[in-house]
Amino acid sequence: MTRGSTPDRSPLARNTIDRTGSRVRRAATDRRWAALLVPLALSWSYPAAAQSPESQDRSGLDFFRPPPNLFQFQYEYRTAPGSTRDVTTQTLNLRYDHAFYLTPTWTVVTRTDLPLLGRNTINSSNPNGNYIYGLGDADIQAAVIHDLDKRWAVGFGARLITPTGEDPLGSGKWRIMPIVGFRVALPEISKSSYFEPIFRYDVSVAGDLTRRNISNLQFGPALNIGLPDRWFVTFYPSQDIRINFGDPVAGQTGRLFLPLDVRAGKKLSDNVAASLEIGVPIIKDYPVYNFKSQFRLNITW
């Protein structure tokens, strides 16, 4: 062996060195993954535990105070003008919401809706106007909610509506619905009272070219008044005030639809609430409905 040269190693020695180096590299890799995943795990688990009971509405009625999980059974009866007579639509909607508590003041809420419809539209495929039953347009939604303080909260999100319903049960259009709103608590009235205006814009972006294009602004200035013994009444709980910028519907003479919309209900327990909503038009230049009744049963956990 000459000076400066690397001494020869036996195969056993080389294998030992290779295994040692491999273990060192794996250990370093594991440490890097741990350094990345542990903070993420801590940041995910801590906020969920940090949520205070005041930041959740266990009845599932308050958009800005979502419970961890919500299942909603919703039945709606609605009449609206048709091309030759009024059309009646009965909807059984199954809804599931799930909340991700990112921090004590930031929440992401996902929602899915599966509507099952019965409608007696008169058209070329149903000249007698019999009830047709089937799946309506299903949708998915995500919203981000930020609590500014105990009184104020803001939120925004979007809903994707898919053309899963066949004619006449669905729109035949892919639609996007941006959502924005805010909440202000009204403890001066009662602990569960609040004012919650929400704006939505329903617009079709693709789909059947023979079906009418959809483009309308929707608004609901919800005012919830908490009453004794877990009763409540809400004025304009749904975004039923509409201004239509899209293709006209049957019987349309203008753009505005302004109803009187009221919901009354009761929290049957900490995790169950039932309510009944009634809507009748005041101005129906853009006729969304002639009459609407809606029953909701919310179950949260």
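Relative accessible area is used here to class residues as buried (under 20%), exposed (over 50%) or partly exposed (in between), with a 1.4 Å probe and protein chains only. The structure is a predicted model, in which local features need pLDDT of at least 70 and side-chain atom pairs count only at pLDDT 80 or more, whereas totals for chains, interfaces and linings use all residues. Residues are numbered from 1 along each chain as its sequence is written, and side-chain values use heavy atoms, with hydrogens and water left out.

The predictor's confidence in each residue is expressed as pLDDT, on a scale from 0 to 100. For the protein the mean pLDDT is 86, with 81% of the residues reaching 70 or more. Over residues 1-7 the pLDDT is below 50, and this stretch has, beyond near neighbours in sequence, 1 contact in the model, a contact being defined as heavy atoms within 4.5 Å. The pLDDT is also below 50 over residues 24-50, a stretch for which the model has 12 contacts beyond near neighbours in sequence. Where pLDDT is low, the predicted coordinates should not be read in detail.

Secondary structure elements are DSSP runs numbered from the N terminus, with helices (H or I) requiring at least four residues and strands (E) at least two; two strands are taken to pair if DSSP finds at least two bridges between them.

Asp229 is exposed, its relative accessible area being 59%. Arg230, which is likewise found in the loop between β9 and β10, also has a positive phi, near 70°, in a residue other than glycine; at 39% relative accessibility, Arg230 counts as partly exposed.

A further backbone feature concerns the peptide bond from Asp167 to Pro168, which is cis, with omega near 5°. Pro168 is placed in the loop between β6 (152-161) and β7 (173-185).
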